[in-house]
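Dear colleague,

Please find below the structure that I am handing over to you. My notes on what was found in it follow directly after.

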Amino acid sequence: MPLIPVGGGRYSKGDTLAWQLRKTTGATMTWLIYLLVILLVVVVDLAVWRALDHRADQMAWERLIAGQAVQTRTFNASMTAGLPEPARRYLNFTIAQGTPLCTAVEIDMTGEIGLGSKDAPGYRDMAARQILAPPHGLVWKMKTGPIGGSDSALPDKSWTRLWLFGLIPIVRASGPDHHRSAFGRVVAEGAFWTPASLLPGEFVRWKPIDDNSARAVVTFGHFEQAVDVTVDEAGAPTMVVIRRWSNANPEQVYREQPFGGHLSGFREFGGYRLPTRVEGGNLIGTPDYFPFFKAEVSAIRFPRRVDP
C-alpha cells in the first residue's frame, strides 16, 4: 500500500479515507441539527399560533357574555301584541309566560357535518360547543376527526379558522363578505335557539308572509338581515330560512342565496321550548339544497354576565 507523506509523517490511504469520512459525517450531523432546530422552531411557532386562536375564541366568548344586558324583564304575551299571528304563535310557543328574557345561550351538540357536496356529501361525525348572542355574534368551536377550529362573529369582525391535527392551519377566512355572511348565520340561528332576541324592539321588526309564516327583520350596525320563520299550528318553528350572503355555490361568488334549516325535537330549557334536532344548509328550498349540518343538541345553558 503506498504511503502519503503529510507534514513529515506517513499515513496510509485508509487513514485519509477515515478522516474524510469523519469530516463528511460531522458536516451531515451539523445539517441534521440545523434541520431539527428549524423544525422545532416551526412546531413551536405553530403551537403558539394555535394557542392564540384559542385565546381569541375565548376572548370573543367572554365578550359576548359581558355584552349582555343585566336582564330583569320577564316574558309576557302582551309583548307580542300587534305582531303577525304566526309571529305571536312562535314567540308564545317558544317562551313561557314569566320566563326571564335571555338573548344569549351556550349550546353543546354532536352530529354530522358534510365536507363535500350534495352529490358526495362526505359526512363526518362532529362535536361542538357554541355561544350564540344575537344580534351581537357567536362563537362555534368544533372538532371532526383530525380537523378542529372555530367560526366566530362579533360586531366588528368575524373569522373561520380550521386546523389539521391541531397543528397545521388549513382554512383562514375573514373580511367584509365573511362578516356579512356570519351575521346572517347569527340571525338564522337566533330564530332556532334564542327566540327572545326576536321580540320586537330596537333591532327587530316583524312583517306578515302568510297564515303560517312571518318575517323578522333584524338591523344591527350596518347590517340588515331578514329571517322567515314557519310554524305549525301550536307555534313550533319547523323551518327557518334567510337570504344569506354566501359564496357556497359552484361559482364561489358571494351573492344572496337561500340558507336555513328544519327544526324538531323540542324540549324545555329554563322556560324556553327549543329544538334539539337541526338539519340545515345552503340553497334550502331549491333542488340544490345540501343539508351539510345535522346537529343533536345535548345541553343548553343561559350564561349570565357577572359584574365585579
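A search of the whole structure, which is a predicted model, finds 11 aromatic pairs. Rings of Phe, Tyr and Trp (for Trp the six-membered ring) count as a pair if their centres lie within 6.5 Å; planes under 30 degrees apart are called stacked, over 60 edge-to-face, and the rest tilted. Tyr-90 and Trp-206 form a tilted pair, with 6.1 Å from centre to centre and 55° between the planes. This pair links distant parts of the chain, since Tyr-90 lies in helix H2 (residues 85–94) and Trp-206 in strand E9 (residues 204–210), 116 residues apart. Helices (H or I, at least four residues) and strands (E, at least two) are DSSP runs numbered from the N terminus.

Tyr-90 counts as buried because its relative accessibility is 0%, and Trp-206 counts as buried at 11%. Here buried means under 20% relative accessible area, exposed means over 50%, and partly exposed is in between (1.4 Å probe, protein chains only). The rings of Phe-192 and Trp-193 have their centres 5.4 Å apart and their planes at 85°, so this pair is edge-to-face. Phe-192 is buried at 6% relative accessibility, and Trp-193 is buried at 1%.

As to the conventions, residues are numbered from 1 along each chain as its sequence is written, and side-chain values use heavy atoms, with hydrogens and water left out. Because this is a predicted model, local features need pLDDT of at least 70 and side-chain atom pairs count only at pLDDT 80 or more, whereas totals for chains, interfaces and linings use all residues.

The secondary structure of the chain comes to three helices and 15 strands. Helix H2 is largely enclosed by the rest of the structure, because seven of its 10 residues are buried; among them are Pro-86, Arg-89, Tyr-90 and Phe-93. Helix H3 (residues 176–193) has 18 residues and reaches 26 Å from its first C-alpha to its last, close to the 26 Å expected at 1.5 Å a residue. That expected span is 1.5 Å times one less than the number of residues. H3 is mostly covered, with 15 of its 18 residues buried.

On the surface, Leu-36, Leu-39, Val-43, Phe-165, Leu-167, Ile-168, Ile-170 and Val-171 form a nonpolar patch with about 700 Å² of accessible area together. Helix H1 (13–66) and strand E8 (168–173) each supply at least two residues of this patch. Ile-168, found in strand E8, counts as partly exposed because its relative accessibility is 42%. Patches are made of residues with over 30% relative accessible area and no salt bridge; like charges are joined within 9 Å and nonpolar side chains (Val, Leu, Ile, Met, Phe, Trp, Tyr) within 5 Å. A salt bridge is a side-chain nitrogen of Lys or Arg within 4 Å of a carboxyl oxygen of Asp or Glu. Accessible areas come from the Shrake-Rupley method with a 1.4 Å probe, and for residues only the protein chains shown count as cover.

Tyr-289 is found in the loop between strand E14 (272–282) and strand E15 (290–301), and it is buried at 15% relative accessibility. Not counting residues up to four places away in sequence, Tyr-289 touches several residues, including Lys-118, His-262 and Glu-279; a contact means heavy atoms within 4.5 Å.

Of the 308 residues of the chain, 43% count as buried.

Yours sincerely
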